[in-house]
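Me: I would like to go through the labels attached to this model one by one, asking in each case what the label rests on.

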Amino acid sequence: DSREPFDAMIVADSAGDEGLYVTEIRGERVEFRSLESAEKAIKNIRRRLGRIARAPDQFPAGDLYAEATENLLRFLARQGSLLYRAIVRQQIGASPLTTDGRIQLVSARHSFLPLEFLYDRPAPLGQVSKLCPHAREALAEGVCQQCDGLQEQELKKLICPLGFWCMSKVLERHAIRPVAETDLGGAEYALQRDPVGERIALDVLDGAVFAASSRVREENREELFQSLTNATEKGAVRVQDWEAWRQAVKEHQPTMLMMLPHTLEDEDLIPALEIGEEQTLPETDITVEHIHGGPAGHPVTVLLLGCETAAVSYTHLRAHE
């Protein structure tokens, strides 16, 4: 019915024959990394999982300590340890990603990144290591008192199910599915809404306020405003200056703000947006009244179409959301 916000997001993408890359997004921090050193472990895990699917009878239900199950967990833990080292220790380091509880993974194209099997405890020592005798209790309680009190060399003789990220984190997967051109009906872009309980829907075309700089060709301004008028069933309002813009936002409570501004700097080198005939609004003067009519107003979609508009307004628009 509702969705918890994620602590961090990873976008996995295979760049053709150049290997797998990931982009980590956490708050305002974005980092791009190559996973070349992790590719072998990823292939090994994928191959072993395929074997399991073809021979499920080797893993009796309810018998956690069956030989095949223990061998499988040992294999996944050792490969997962290599994966953890390649992704976390070598690439991410001291990132809060290692302690975050909710991670969103977006897989572009056909990329395969088995975050579930990252193993963040000491790697088991081959056949010497055995499944922890307290594994069943640890899985039931979510914590293993026995493992938490052991030294690293002792831990390497044990396989701890809680060492896998699928047992210690919430992993939310999203697969990017390429949209066929026929689904777009000839359009270049599409907006897709993901239904979630208690989320306020965006009625994007319920009403609009439009403005453009006089530097934009008149025929382009007219064509775009006419398209906006038709899409909103004559619910679009066109203004020529910032006071009229503020009044239109207050009176009409639009769900879309569309602007084709000119971007410039004022005499104090403050970035500003220009509409109409040299009607400028410095970044420092952008207020909540330029975006919506108050807390009770509709959620607003803002379209700024022009050069370097993000540099002017991103921070202030976010501040007034």
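Reply: Of the 321 residues of the protein chain, 38% count as buried, where buried means under 20% relative accessible area, exposed means over 50% and partly exposed lies in between, with a 1.4 Å probe and protein chains only. This is a predicted model, in which local features need pLDDT of at least 70 and side-chain atom pairs count only at pLDDT 80 or more, while totals for chains, interfaces and linings use all residues. Residues are numbered from 1 along each chain as its sequence is written, and side-chain values use heavy atoms, with hydrogens and water left out.

Me: Why is Thr232 called buried?

Reply: Thr232 has a relative accessible area of 6%, which is under 20%, and therefore counts as buried. Thr232 is found in the loop between helix 7 (218–231) and strand 9 (236–238); helices (H or I, at least four residues) and strands (E, at least two) are DSSP runs, numbered from the N terminus. Leaving aside residues up to four places away in sequence, Thr232 touches Leu205, Gly207 and Ala208, a contact being heavy atoms within 4.5 Å.

Me: Why is the pair of Tyr119 and Phe164 called edge-to-face?

Reply: The structure holds five aromatic pairs. In one of them, Tyr119 and Phe164 are 5.1 Å apart centre to centre, with 65 degrees between the planes. Rings of Phe, Tyr and Trp (its six-membered ring) pair if their centres lie within 6.5 Å, and planes under 30 degrees apart count as stacked, over 60 as edge-to-face and the rest as tilted, so the pair of Tyr119 and Phe164 is edge-to-face. Tyr119 is buried at a relative accessible area of 1%, and Phe164 is buried at 4%. Ring pairs also link Phe117, Tyr119 and Phe164 into a cluster.

Me: How do you know that the charged end of Lys169 sits over the ring of Trp165?

Reply: The charged end of Lys169 is 4.8 Å from the centre of the Trp165 ring, and a charge sits over a ring if NZ of Lys or CZ of Arg is within 6 Å of the ring centre and within 35 degrees of the ring normal. Arg48 likewise lies over the face of Phe75, at 4.5 Å from the ring centre.

Me: What puts the buried residues of helix 8 on the same side?

Reply: In helix 8 (residues 242–252), Trp242, Trp245, Arg246, Ala248 and Val249 are buried. They cover an arc of only 160 degrees around the axis, which puts them on the same side of helix 8; the arc is that of the directions from the helix axis to the C-beta atoms. The face turned away from the buried side of helix 8 carries the exposed residues Lys250 and Glu251.
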